[in-house]
Amino acid sequence: DSNSVSHSGNALNLESVRDSLIRQEDTIVFSLIERARYPVNSRLYNQTLGLVPGFSRSLVHFIVKETEAIQAKAGRYENPEENPFFPNGLPPSVVPTHKYPQVLHPAAASININEHIWDMYFNQLLPLFVAEGDDGNYASTAASDLNCLQALSRRIHYGKYVAEVKFREAPQDYEPLIRAKDRDALMNLLTFKNVEEMVKKRVAKKATVFGQEVTLGNNSSGNYKIDPLIVSHLYAEWVMPLTKLVEVEYLLRRLD
Ligand SMILES: O=C(O)C(=O)C[C@]1(C(=O)O)C=C[C@@H](O)C=C1
């Protein structure tokens, strides 16, 4: 991924990390469009059905856990940009270790807010953009859910890189607030309202462009595969606030 800071070898600066966030918007919008192909398929999320023999949680929980296990063996979580949803009991990587550049403070590894992201995705976001119904495509639907979850998680935890850059550019501003453990002041200092407004507009536009029906004539149907307003709502209510939460958590540990 040429857009990721830890692979690029480019200088780490606010522009390069924001470029990565912009590129990740494409992945998030596309993954939501893919999930919207399936109806809600709520049996997938029901813990009480016992669909997997010997497993007491939902089918989606089973699929995500098992998929993460195989991805862990292939080294996915050696990358500091990746955070598992079920970190407990993951198998070690069996492939040769890639040397990721050490960009972040080591405390970054202890920040994982995926439980929060899981809850937000299934309980708040999903009901907003999928149709009612059940078409039985549980495995494909769960794979789509995992794509959405991983894209959202990567973007939100990328706040660690954003925070690192901001800290390096103005340590004299951040250090006193970190020492005082002043969360509110840190939050204020790292917030750029004008940038947030642009992000909201851009993701809505991406949803419009990527989700329109493409025909060979000039007639656009005006139907979108995902409602652009839902995408900007997702960013305003969850993606940006959670990214900022990761930034604050990272900064609070930055001088440890
Ligand atoms: O671009 C930044 O400076 C960020 O911190 C990222 C981000 C975002 O989540 O998009 C979060 C906080 C800022 O207020 C603006 C944007």
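Reader: What makes Glu164 and Arg254 a salt bridge?
Author: In this predicted model, their closest N and O atoms are 2.7 Å apart. A salt bridge needs a side-chain nitrogen of Lys or Arg within 4 Å of a carboxyl oxygen of Asp or Glu. So the pair qualifies.

Reader: Which parts does the pair tie together?
Author: Glu164 lies in helix 6 (residues 159-169), and Arg254 in the segment after helix 10 (228-253), so the tied parts are 90 residues apart in sequence. Helices are DSSP runs of H or I, at least four residues, numbered from the N terminus.

Reader: Why is Glu164 called buried?
Author: Its relative accessibility is 1%. Buried means under 20% relative accessible area, exposed over 50%, partly exposed in between (1.4 Å probe, protein chains only). Arg254, at 17%, therefore counts as buried too.

Reader: What makes Glu196 and Lys193 a salt bridge?
Author: Their closest N and O atoms are 3.7 Å apart, so they meet the cut-off. The two are 3 residues apart in helix 9 (residues 193-210), about one helical turn.

Reader: Is Lys193 buried or exposed?
Author: Exposed, because its relative accessible area is 56%. Glu196 has 14%, so Glu196 is buried.

Reader: Why are Lys200 and Glu197 called partly exposed?
Author: Lys200 has 25% relative accessibility and Glu197 has 38%.

Reader: How are the residues numbered, and which atoms count?
Author: Numbering runs from 1 along each chain as its sequence is written, and side-chain values use heavy atoms, without hydrogens and water. Local features need pLDDT of at least 70, side-chain atom pairs count only at pLDDT 80 or more, and totals for chains, interfaces and linings use all residues.
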